[in-house]
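The points may be read alongside the sequence and the coordinates.

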Amino acid sequence: MEAPPDNDVLWARSLHFMHPDGSPGLAGVSLEVREGEIIAVTGPRGSGKTTLLRCLSALVPVRDGEVWFNSAPVHTLGPMARERLRRDRFGWIDPAPVLVPELNVWENAALPLMLRGTGRRRAKAAALEWLERLDVGDKARVRPHRLQQAERQRVCIARALAPAPTVLFADEPTAPLHRADRTHVLRTLTSAARSHGITVVLGTADPGIAALADRTVALLDGRRVRTVHLPDTPDTEGRAAWSLSV
């Protein structure tokens, strides 16, 4: 087993993944992510973007292939060790916002810090800072059911950024946002990542979002390809027209 280069915070080799129904998710994907880099994983729906992010972030165990984080193997870890890694070093943003309904906004944003053992006052201060930067600071004491969908997603982004993770995985993070809000939120996310030295792995089918990354990795049918041209809008039948170079 060959260790990855020291300057790669994430390194994956020959990842294969099958979904529970037997359909292929990844077919031999290799990838390297440098420390502090913002990388966009692009491709149409069903190309394997979410599957790749879930394998890299230890959300699902790798069945065939290798994943390394800071030169330590992730693919050999058991369930508890993967959970600790996700809690202590990784952040995750889903396409759909999920918040704890019993907690108010700042408590939701501070939750990962408190689960790490950070004191309530310090965790609250970090949460409030990010809520303000994402324009939902005035909702700090509101419960999630009183928020709009876009506001809930901003809280989820604040929750992911507040602990200053080593790597932030963002799977279509602006999907619930109005188009006018997307650029502002993504610029906040990317500028925060750069200022705090956070590595970002961003899954997106939006070419405007991918353009904010340092580098783009394209997937199609679970494989890396050299180019996938992402359309600005789907065609009249709702299907995107994709062109690629393998």
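This is a predicted model: local features need pLDDT of at least 70, side-chain atom pairs count only at pLDDT 80 or more; totals for chains, interfaces and linings use all residues.

**Note on the pocket, the aromatic cluster and the sheets**

1. Which elements each supply at least two residues of the lining of the second largest pocket? They are helix 2 (79-89), strand 6, helix 3 (105-115) and helix 5 (149-161). Sorted by class, the lining consists of 14 nonpolar, four polar and six charged residues.

2. Aromatic contacts form the next topic. The structure has three aromatic pairs. In one of them, Phe-69 and Phe-90, the ring centres are 5.0 Å apart and the planes stand at 85 degrees; because an angle over 60 degrees counts as edge-to-face, the pair is assigned to that class. Phe-69 belongs to strand 4 (residues 64-69) and Phe-90 to strand 6 (residues 90-93), so this contact ties together parts that are 21 residues apart in sequence.

3. Phe-169 lies in strand 7 (residues 167-171) and Phe-90 in strand 6, so the pair ties together parts that are 79 residues apart in sequence. Phe-169 is buried, as is Phe-90. Through ring pairs, Phe-69, Phe-90, Trp-92 and Phe-169 are linked into a cluster.

4. Strand 9 (residues 215-220) is mostly covered, with five of its six residues buried. Strand 9 pairs with strand 3 (residues 38-42) in the parallel sense, over four bridges. Within this pairing, Ile-39 has Arg-215 of strand 9 as its bridge partner.

5. Strand 9 pairs with strand 10 (residues 223-225) as well, here in the antiparallel sense and over three bridges. Ala-218 has Val-225 of strand 10 as its bridge partner. The two strands make a hairpin with two residues between them. In the turn, Asp-221 has a positive phi of about 55 degrees.

6. An open sheet of four strands shows antiparallel pairing and the strand order 2-1-4-5. Strand 2 (24-34) and strand 5 (72-73) are its edges: each has a single partner strand, so one side of each is left without a neighbour in the sheet. Strand 1 (residues 8-18) and strand 2 run antiparallel and are joined by eight bridges. Asp-8 stands opposite Arg-34 of strand 2. Strand 4, which is part of this sheet, also carries Phe-69 of the aromatic pair described above.

7. How many disulfides does the structure hold? The count is zero. Cys-55 is buried, with a relative accessible area of 2%. Cys-156 is buried too, with a relative accessible area of 5%.

Notes:
Residues are numbered from 1 along each chain as its sequence is written. Side-chain values use heavy atoms; hydrogens and water are left out. Rings of Phe, Tyr and Trp (its six-membered ring) pair if their centres lie within 6.5 Å; planes under 30 degrees apart count as stacked, over 60 as edge-to-face and the rest as tilted. Buried means under 20% relative accessible area, exposed over 50%, partly exposed in between (1.4 Å probe, protein chains only). Ala, Val, Leu, Ile, Met, Phe, Trp, Tyr, Cys and Pro count as nonpolar, Asp, Glu, Lys and Arg as charged, and the others, Gly among them, as polar. Two strands pair if DSSP finds at least two bridges between them. A disulfide is a pair of cysteine sulfur atoms within 2.5 Å.
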